[in-house]
Amino acid sequence: MMRIFDPHIHMSSRTTDDYQRMAAVGVKALVEPAFWLGQPRTNVGSFTDYFDSLVGWEPFRASQFGLRHHCAIALNPKEANDSRCRGVLDLLPRYLAKDSVVAVGENKNDSRTPAEDEVFAALLAQAVEYELPALVHTPHRDKQRGTGRTLDVVKESGIEPGRVVVDHLNEVTVGLVAGTGCWMGFSIYPDTKMSPPRMVAILREYGLERMLVNSAADWGRSDPLLTLRTGEAMLAAGFTEDDLDRVLWRNPVEFYGQSGKLELSTVDSVDVTFEGNSILRGGS
């Protein structure tokens with residue numbers, strides 16, 4: 001069985017059954033970035049409760065199935081335009097210092113408003129201050145120009161490019177990032193973003209270095225097993241098992257390991273099998 005580290009997945013929007021399915025196919029660790037919940041939050045207290053769940057409840061849920069849960073924390077750019085939420089920036093240091101927080105994210109400049117530019121720059125500055133990697137989400141609209149502007153802000157921030165992953169890339173935007181020293185992230189979805197065959201084509205063209213593949217599974221139509229499906233597609237296309245292990249395990253470990261807080265010492269020492277509704281654990 002392949003081992004999988006999903007470097008970007010929103011488990012707070014998934015069911016416990018998804019944790020069980022993921023564990024059964026070899027997902028052993030994940031990073032859950034803070035994101036927009038589908039409805040705007042209107043006060044700082046809402047973020048406090050949400051961040052508390054990312055560092056408390058979700059790691060507990062994941063641990064029941066032998067998965068190691070880490071997270072990334074940030075103010076989402078959709079809410080950066082709401083002045084009622086700007087106090088979240090003052091709240092972030094309390095969470096960035098926590099052991100399970102391995103990155104600042106997800107960050108992005110979605111509508112390219114002055115407020116988003118300001119918050120994006122502030123988040124990258126906090127990543128530098130707390131010596132954490134940064135997870136950057138490319139804009140939904142006008143992705144090519146938006147990705148270019150995103151890279152400009154990253155450069156202006158002074159953060160080391162190797163500590164930044166520019167995520168949700170595709171065939172149009174990957175070339176912009178490939179030569180920058182930043183990591184390249186790809187989200188595999190059923191209908192939108194990337195598919196396993198398209199991801200295989202990109203790996204063939206650009207190689208395996210600094211590549212992160214995730215399912216990003218959220219409250220929309222998505223699938224937390226699409227990292228597995230991408231691995232299967234890689235094998236079918238002639239990639240080796242070592243290639244799979246590099247893309248689906250060693251690459252995310254290398255990227256988030258820069259935080260100095262990645263904890264994976266237990267994930268390979270626990271076998272998790274399922275019998276009816278019970279969970280059976282034993283040493284490997």
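Q: Which residues are linked in a network of salt bridges with Arg 3?
A: Asp 242, Asp 245 and Arg 250 are linked with Arg 3 in that network. A salt bridge here is a side-chain nitrogen of Lys or Arg within 4 Å of a carboxyl oxygen of Asp or Glu.

Q: What kind of model is this?
A: This is a predicted model: local features need pLDDT of at least 70, side-chain atom pairs count only at pLDDT 80 or more, and totals for chains, interfaces and linings use all residues. Residues are numbered from 1 along each chain as its sequence is written, and side-chain values use heavy atoms, with hydrogens and water left out.

Q: How many salt bridges in the whole structure?
A: The search finds 14.

Q: How far apart are the closest N and O atoms of Arg 3 and Asp 245?
A: 2.6 Å. Arg 3 sits in the segment before strand 1 (4–6) and Asp 245 in helix 11 (residues 241–256), so the pair ties together parts 242 residues apart in sequence. Helices (H or I, at least four residues) and strands (E, at least two) are DSSP runs, numbered from the N terminus.

Q: Is Asp 245 buried or exposed?
A: Buried, at 17% relative accessible area. Arg 3 is partly exposed, at 28%. The cut-offs: buried is under 20%, exposed over 50%, partly exposed in between (1.4 Å probe, protein chains only).

Q: New topic. Where do Glu 58 and Arg 61 lie?
A: Both are in helix 3 (residues 57–63), three residues apart, about one turn of the helix. Glu 58 is buried at 3%, and Arg 61 is buried at 10%.
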